[in-house]
Amino acid sequence: MKSLILTLLYLFKDTLHRWKERPASPLSRVLVSFFLSLCALSFLANYVLSTKLLQDEIRQSGGDLIIAYDVNPDGKPPLETLIQQHLPSLHPCNVLALKQVASATQGKGNYQIVEYGIAAYDQLKELPIDRHPRLLLFGLKQELEQEGPRTVQMNQFSFPIHACHLPEHHVLGKVFPQGLILVPAGTFSSQGLRSGSGTTIYIIQAAEMTSALISGIENTLANLVRLDQRFTSIRSTAPILRRLDILMGNQAECRAAFSIGIAVIVGILLTALASMEFQQNEYVYTLMKSFGVRPVFLVLNFIMENVFLVGGAFIAAVFCFMKTQKIVLGEFFKLQNTSLSLQDIMPDLTLLGISLFICVLVSSIPIIISANRQIGKVLK
């Protein structure tokens with residue numbers, strides 16, 4: 001044990017001595033690894049952020065929604081109970097059923113009148129409806145108009161209503177971007193202002209915005225409609241999400257190739273420097289081998305040295321990128337007021353880090369060959 005400790009201490013002192021005598025060797029490894037890693041992170045972050053912004057834009061536009069319009073004929077029971085009971089049990093989603101009954105005007109705006117039932121009321125508790133008719137504004141109208149009492153016109157009938165603002169990114173704002181009038185079920189039929197059953201709108205919000213989940217929900221819904229022999233229009237973003245998956249798959253391959261290419265460049269540098277330094281100290285290391293020091297310690301010494309230098313440079317590059325990413329992404333890639341978290345770029349960080357570590361191991365192959373040379377051939 002004592003000889004092992006002394007051997008490790010000597011190798012540690014020898015490493016520090018080599019750094020002191022030839023500071024260009026460790027400095028070149030650190031700087032090359034740092035700047036290449038920083039450049040790689042900047043380019044990879046551009047791709048990651050572009051994809052994230054596109055996904056957020058699709059989600060804000062209703063990318064996680066499947067909307068079905070069911071014209072309920074007389075004499076047939078509505079699909080509402082069937083869909084609300086069976087669909088969430090088969091797929092992780094929420095179902096909101098509303099009934100589109102008419103349209104009304106208020107000033108220069110035209111709004112759809114939509115009824116909600118008891119089940120829908122429980123899902124709309126966060127809205128200030130209080131079982132009274134409400135005019136819900138969204139988007140630009142929310143910015144331009146104030147909340148308060150209004151008078152809306154439906155055919156020849158006028159009735160008072162209170163205008164409220166929809167919360168930002170609310171599901172109703174994605175389906176009715178111009179706003180809507182939300183009323184309790186039976187409000188107009190009780191006054192003889194509406195006849196017929198109207199069109200039921202099923203707003204199905206998936207738990208995750210993935211093409212597989214959206215397509216699965218859409219297919220299940222289509223089968224339910226087909227078995228009930230209904231005429232239903234189903235709308236979703238499944239085709240767009242499938243094309244986005246193809247784009248992200250191609251992008252992931254390019255990002256992986258870029259990370260591996262950066263690691264290969266670092267690996268070539270490490271291999272050249274490690275071979276040169278070992279050859280310069282080969283006589284001393286051979287004497288150590290003749291005194292009983294195992295070659296594996298010599299190889300591990302170079303591996304740990306490169307892991308320390310390259311790993312430290314990689315961590316410094318990540319830290320520097322996280323601190324300066326707004327400047328880099330804003331000035332060079334014109335992505336203003338945006339930033340990424342470590343979680344967003346963790347797959348790329350993991351791939352780049354693993355690639356660098358593998359290159360460190362590969363760069364030790366010449367050391368392994370040299371360290372196992374016969375003592376007599378070196379000392380002759």
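Mentor: pLDDT is the predictor's confidence in each residue, on a scale from 0 to 100. The protein has an average pLDDT of 77, and 79% of its residues score at least 70. This is a predicted model, in which local features need pLDDT of at least 70 and side-chain atom pairs count only at pLDDT 80 or more, while totals for chains, interfaces and linings use all residues. Residues are numbered from 1 along each chain as its sequence is written, and side-chain values use heavy atoms, with hydrogens and water left out.

The protein contains 13 helices and nine strands; these are DSSP runs numbered from the N terminus, with helices (H or I) of at least four residues and strands (E) of at least two. Mean confidence is lowest in helix H5 (residues 140-144), at 50, and highest in helix H11 (residues 342-362), at 86.

The residue of interest is arginine 255, which lies in helix H8 (residues 238-280). Arginine 255 counts as buried because its relative accessibility is 16%; buried means under 20% relative accessible area, exposed over 50%, and partly exposed in between, with a 1.4 Å probe and protein chains only. Of the 380 residues in the protein, 43% are buried.

Apart from neighbours within four places in sequence, arginine 255 is in contact (heavy atoms within 4.5 Å) with Leu44, Tyr47, Val48 and Asp348. The side chains of arginine 255 and aspartate 348 are also joined by a polar contact of 2.7 Å. A polar contact is a pair of N or O atoms within 3.5 Å; within protein, one must be able to donate a hydrogen and the other to accept it, and residues adjacent in sequence count only if both atoms are side-chain atoms.
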